[in-house]
Amino acid sequence: MQHSLFLYNTLTRRKELFTPIHPGHVGMYVCGPTVYGDAHLGHARPAITFDLVFRYLKHLGYKVRYVRNITDVGHLEHDADEGEDKIAKKARLEQLEPMEVAQYYTNRFNAAMAKLNVLPPSIEPHATGHIIEQEQLVQQILDNGYAYESNGSVYFDVVKYNEHHKYGILSGRNLEDVHDASRELDGVGEKRHQVDFALWKKAQPEHIMRWPSPWSEGFPGWHCECTAMGRKYLGAHFDIHGGGMDLVFPHHECEIAQAVASQGDQMVKYWMHNNMITIAGKKMGKSYNNFITLDQFFNGSHELLTQPYSPMTIRFFILQAQYRSTVDFSNEALQASKKGFDRLMDAVSQLGRIEAVANGKLDEAYANELATKCYEAMDDDFNSPIVISHLFEACRVINQLVDKQQTITPTGLEALTKVVNTFVFDILGLKSEAEGGNAKREEAFGHAIDLLLSLRAKAKAEKDWATSDKIRDDLAAFGFEVKDTKEGATWKLP
């Protein structure tokens, strides 16, 4: 079927028809983690959001180059131009090399992403591996007159830039409303204006992470890495730049300014931002000290958790909300997600037990209608909760088919199985948590129950009521719900 994919562009504040710059190819850059601590639920949201985007674009047939960076230098405390580098501070406190800290938490981040079934990006560049490209970016901005050197550091001149271009087009902030007179009057600091941001910082004697540059021994500003690495791997113009909504300002706003100041025009066509995970209405994050790491979710070790939650429960929890809406953490919400996920996976596992009949009332038309509804939801800004609602409706039909309250043709069953598997596994990226040998054991287990029910049916046919009742009662004692229908007995685990 033909697809008209619409996505919400933060830059224009409206949904736009997605038309890639190069037909058949998509370049996508997403801001990755600053690796100085374990990933928490707030990190899982952009990872899962853009994994959904990545999976769907590939499913539509696009060749996607997905770049997600690792920030291992330059991200100073409180996202400002002053203070200590977050990774260097962690290294100092733990008496480690900064790269030990970065590597350790990069490994743990990627392990957590694998548990969440987040596909690895096409390229995962590190900021420290692209110092030369960042220095080249800084020099270009200097050459074009939109930056200045001050005591060995280089700052972006936001006020001068705003005279020729518009600073604040992504966030909607108006530079004229920014009051920076107090800092200028006091003569404090190296900046000409408080709104200016660092492109290169001269390292203080105690600063561990430093590189040579034309201006000083130092390190790049936090905003430089994404502009430099996005251009290196995706070109001067690419399709999608994504990240959390908290990055709109200042990070992504500064990226736009850097691109225009260095090359004369914007690099990114569509800006996408996922909303926040909140706890009691407040953003979850390290700076608020209210975060729960993913490992704590998986093992249930945090004081706010009443039980462990599996990686797929977490993924399903996040996908149940449209990516631009907020998601508020609660145990009740996660427990509901677990029930929903289990219900969905149970229905998927039941597909293999459906007996198709030549004159079934349902046929391929039902599967095609389901597919059309799910594609329409995905084409409407990746609306995963609507997809899930359609799949839940399919679960109801699958259970009717298993209970023989409804019938389906062989071609209809084949088409239904394909649609459900495509959206559940390939696009939503869910997976059964009974992996490998466990999956085989579950399949064998299902066949064993079916065998018991066939023996019970034989006993009933021979009027051996004692054996028939014993099989039914014993299965009920084990937790199985056995239901007798005109077409035979069915079973399920409630």
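Because the model is predicted, local features need pLDDT of at least 70 and side-chain atom pairs count only at pLDDT 80 or more, whereas totals for chains, interfaces and linings use all residues. Residues are numbered from 1 along each chain as its sequence is written, and side-chain values use heavy atoms, with hydrogens and water left out.

The protein has 16 helices and 15 strands, where helices (H or I, at least four residues) and strands (E, at least two) are DSSP runs numbered from the N terminus. Taken along the principal axes, the box filled by its C-alpha atoms is roughly 100 × 50 × 35 Å. Of the 494 residues, 51% count as buried, a term that stands for under 20% relative accessible area, with exposed being over 50% and partly exposed in between (1.4 Å probe, protein chains only). Among contacts (heavy atoms within 4.5 Å) between residues at least 6 apart in sequence, 74% join residues at least 24 apart.

One part of the model to follow in detail is an open sheet of four strands, in the order β5-β6-β7-β8, with antiparallel pairing; two strands are said to pair if DSSP finds at least two bridges between them. Strands β5 and β8 (218-220) stand at the edges with a single partner strand each, so one side of each is left without a neighbour in the sheet. From one strand to the next the twist averages 20°.

Within this sheet, β5 (residues 147-150) and β6 pair over four bridges in the antiparallel sense, and Tyr148 stands opposite Tyr155, while Ser150 stands opposite Ser153. The two strands form a hairpin with two residues between them, and Asn151 in the turn has a positive phi of about 55°. On to the next strand, β6 pairs with β7 (residues 197-202) over three bridges, again in the antiparallel sense, and Phe197 of β7 is the bridge partner of Phe156. In a regular strand the side chains alternate between the two faces of the sheet.

A loop residue comes next: Thr10 lies between β1 (6-9) and β2 (14-17) and is buried, with a relative accessible area of 14%. Leaving aside residues up to four places away in sequence, Thr10 touches Leu170, Val248, Trp271, Met272 and His273.

Among the helices, α12 (residues 364-379) and α14 (residues 410-427) pack at an angle of about 20° with their axes 7 Å apart, the axes being lines fitted to C-alpha atoms over the stretch in contact and the angles running from 0 to 180 degrees between N-to-C directions. That makes α12 roughly parallel to α14. The contact involves, among others, Leu370, Ala371 and Cys374 of α12 and Ala415, Leu416 and Val419 of α14.

The structure holds zero disulfides, a disulfide being a pair of cysteine sulfur atoms within 2.5 Å. Cys374 is in no disulfide, and the nearest cysteine sulfur, that of Cys395, is 11 Å away; Cys395 is likewise in no disulfide. Cys374 is buried, with a relative accessible area of 0%, and Cys395 also counts as buried, at 2% relative accessibility.

Key. Parallel < 35°, antiparallel > 145°, perpendicular 65-115°, else oblique.
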